[in-house]
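Visitor: I have a protein model open and would like to go through it with you. Can we start with the charged residues?

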Amino acid sequence: MADFGYDVSNYTDVDPIFGTLEDMETLVVEAHKRSIKVLLDFVPNHTSDEHPWFIESRSSPTSDKRDWYIWRDPAADGGPPNNWLSVFGGSAWQLDEPSGQYYLHSFLAKQPDLNWDNDTVRKAMKSAMRFWLDRGVDGFRVDAVDWMSKDAAFRDDPVDENAIDAVPGYDHSSLRHVYSRDGPHLFERLNEMTSVLEEYKDRFMITEAHPETDDKITGYLRYYQGVNPHLSAPFNFQGIYLPWKAPEFGRFIDTFQAAMKPGYVPIYTVGNHDESRIATRVGNAAARTAAVMLLTLPGMAFIYYGEELGMHDVDISQDKIRDPFAGKQNGRDPERTPMQWSNAPQAGFTTATPWLPVSDDYKRINVHTEAADPSSSLNLYKRLLRFRNQSRVLRYGSYKPVTKYEHVLSYERRLGNEILLVLLNFSDLNQKLVINDLEGTIVVSTHFEDEGATVNGHLTLQANEGVVIQVSHD
Ligand code: GLC
C-alpha cells in the first residue's frame, strides 16, 4: 500500500485488508446477476519491491529472476545510469548497495519496473490476466501503459525547455520523456495483452495513457490504430485537463469525434483518483453541466465515485497525508476521501477510523439525503443514466457539432430520424438562444424544474444549465 494498490505484491490474490478471493468471486457473480460488468485495475509496468519476484531478483546478480526487472551498472561517475526521473520526483534509479547496481523505478522506489523485454515476465503477466478472466472479470483498466516499453539504448531524456517552473533533475515535468516511455515495443505489448482477452468472450481493456504529443488527439489515436479497437481503447483525459470553456471543449470533442472510425470507442471522463474533483475544479453548478456532457457523448463514460453526489476535494492536514505524491500538487488524497453514504458518523462509510478524513460537507452531500431531493446531483445522474440506458440515439447515434456559441456547447446526436440536441451553458449567466425551426421537449436538465418544457424557436438556458432536447420531427 505504498501507492495504495499500485504496488502489487501478488497478482493472483486479494489483499486481506480488502477481503478474500471468495469475496471477489461473490462480487463478480452478484454484479453479473444485475447486468453490471466488473473491470479490474491491472498494473503491468511495475510490482511492489515486496513481490517475491523482486525479492528474488534483488537477492543476487546471478538470480534467475535478475532480468525480470531493469538492473544497470552505475554511470562512470558512480551515479545513476541515466537522467530518467521518477513520476513522483527524483531519479528513477535506486542504488542497491549489496550488488552495486541500480534498478529502475518509474514511480516510487518501492515500485520497481518489470522488464517487459523478458519473455518469462510477459508470460507471467499474461497468466495473471487469465487468473482474473477465468474468474469472470470483464476486463481491465490498464495502468500506466506508456512505460511498458523503453528505449533499448537507455538514452537520456531531453530537457523540456518550456517547463520553467519544474525543478531540473527532480521534477518529472522537467524532462521530455521520449526515451523513458513510449518505446518501440509498446503496441506489440498491448497487443499481446489483448490477445489474452481474445481467448475469452466479450472482454475489454481501457488503457491509461498520457501521450506527450503536442496534439493530444494524435496521441490518443495511436492507441486506436495500434491496438484492436474492439478489444481496447484509451482514456480520453481532456475532460479533466481542458479549461472549462465552451469553445475549448467544442474544439476538442468535435475533432476527436471526427477522428473516430467505426468500431472505435471514445472513453470520456471528467475525473479520477489522480486529479482534483470536478466539483472543486469547475464549481458545483458547472459540475452538473459536465455530467450532462459526459453522459450524452458517444462511447463509454467513466464516473469517479462521489462525482454523482457532487463530492469535493477535502483539505488534508499535513499530519494526515497518505499519498506518497504529497510533495507535489497537494498530493492526491483530497480526491480520495471516504464515499459519503449518509449523515451518520463518518458519512456511514465505516464505524472505524478511515485512512483519510471524511469531508465536513457530508451531512448535506450524501447518498441518503440526496436520494430524497429531486433536484440533487444524485438524482440528476440517475435521470441521465436512466435516459441513456433506454435511448438508442445516445447509445448508437452519430455525433454532430451544431451552432457555435461563446458560452454554450451544443451538439446533436442522431439515429435515423430521431434527434437529440444537447445544449450546455458553460457560463454563470443566463443565455438566451434563438434557434429557428427548433421544436422539441426538454427531456433532461440540470435544472429539474425545466424538464418536460416545450421549446419552440428559442429558449433561455439558466446559468450553468445543461439540457437534452428531444427534437420533434414531422
Ligand atoms: C497511474 C495511477 C496512479 C498510480 C500510478 C502508478 O497513473 O492512476 O494512481 O500512482 O499509475 O501505478
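Visitor: Are R332 and D274 buried or exposed?
Guide: Both R332 and D274 are buried, where buried means under 20% relative accessible area, exposed over 50%, and partly exposed in between (1.4 Å probe, protein chains only). This is a predicted model, in which local features need pLDDT of at least 70 and side-chain atom pairs count only at pLDDT 80 or more, while totals for chains, interfaces and linings use all residues. Residues are numbered from 1 along each chain as its sequence is written, and side-chain values use heavy atoms, with hydrogens and water left out.

Visitor: What do R332 and D274 form?
Guide: A salt bridge, with the closest N and O atoms 3.2 Å apart. The term stands for a side-chain nitrogen of Lys or Arg within 4 Å of a carboxyl oxygen of Asp or Glu.

Visitor: Where in the chain are R332 and D274?
Guide: R332 is in the loop between β9 (300-302) and α10 (367-371), and D274 is in the loop between β8 (267-269) and α8 (278-282). The pair links distant parts of the chain, 58 residues apart. Helices (H or I, at least four residues) and strands (E, at least two) are DSSP runs, numbered from the N terminus.

Visitor: Which residues are linked with R332 and D274 in a network?
Guide: D3, D323 and R336 are linked with them in a network of salt bridges.

Visitor: How many salt bridges does the structure hold?
Guide: It holds 28. One of them joins E25 and R135, with the closest N and O atoms 3.0 Å apart. E25 lies in helix α1 (residues 21-33) and R135 in the loop between α3 (119-134) and β5 (139-142), so this pair ties together parts that are 110 residues apart in sequence.

Visitor: How accessible is E25, and how accessible is R135?
Guide: E25 is partly exposed at 32% relative accessibility, and R135 is partly exposed at 28%.

Visitor: What about R141 and D143?
Guide: Their side chains meet in a salt bridge at 2.8 Å, N to O. R141 is buried at 9% relative accessible area, and D143 is buried at 7%.

Visitor: New topic. How many aromatic pairs are there?
Guide: A search of the whole structure finds 31. Rings of Phe, Tyr and Trp (its six-membered ring) pair if their centres lie within 6.5 Å; planes under 30 degrees apart count as stacked, over 60 as edge-to-face and the rest as tilted. W84 and W93 are a stacked pair, 6.5 Å centre to centre with 25 degrees between the planes.

Visitor: And Y399 with Y411, what sort of aromatic pair is that?
Guide: A tilted one, with 5.2 Å between centres and 35 degrees between the planes. Y399 is in strand β10 (residues 398-401) and Y411 in strand β11 (residues 408-415), 12 residues apart. Y399 is buried at 14% relative accessible area, and Y411 is buried at 0%.

Visitor: Last one: in what order do the four strands of the open sheet come?
Guide: The order is β1-β5-β6-β7, with parallel pairing. Two strands pair if DSSP finds at least two bridges between them. The edge strands are β1 (39-42) and β7 (232-234), each of which pairs on one side only. Strand β6 (residues 204-207) pairs with β7 over three bridges, and T207 stands opposite P234 in β7.
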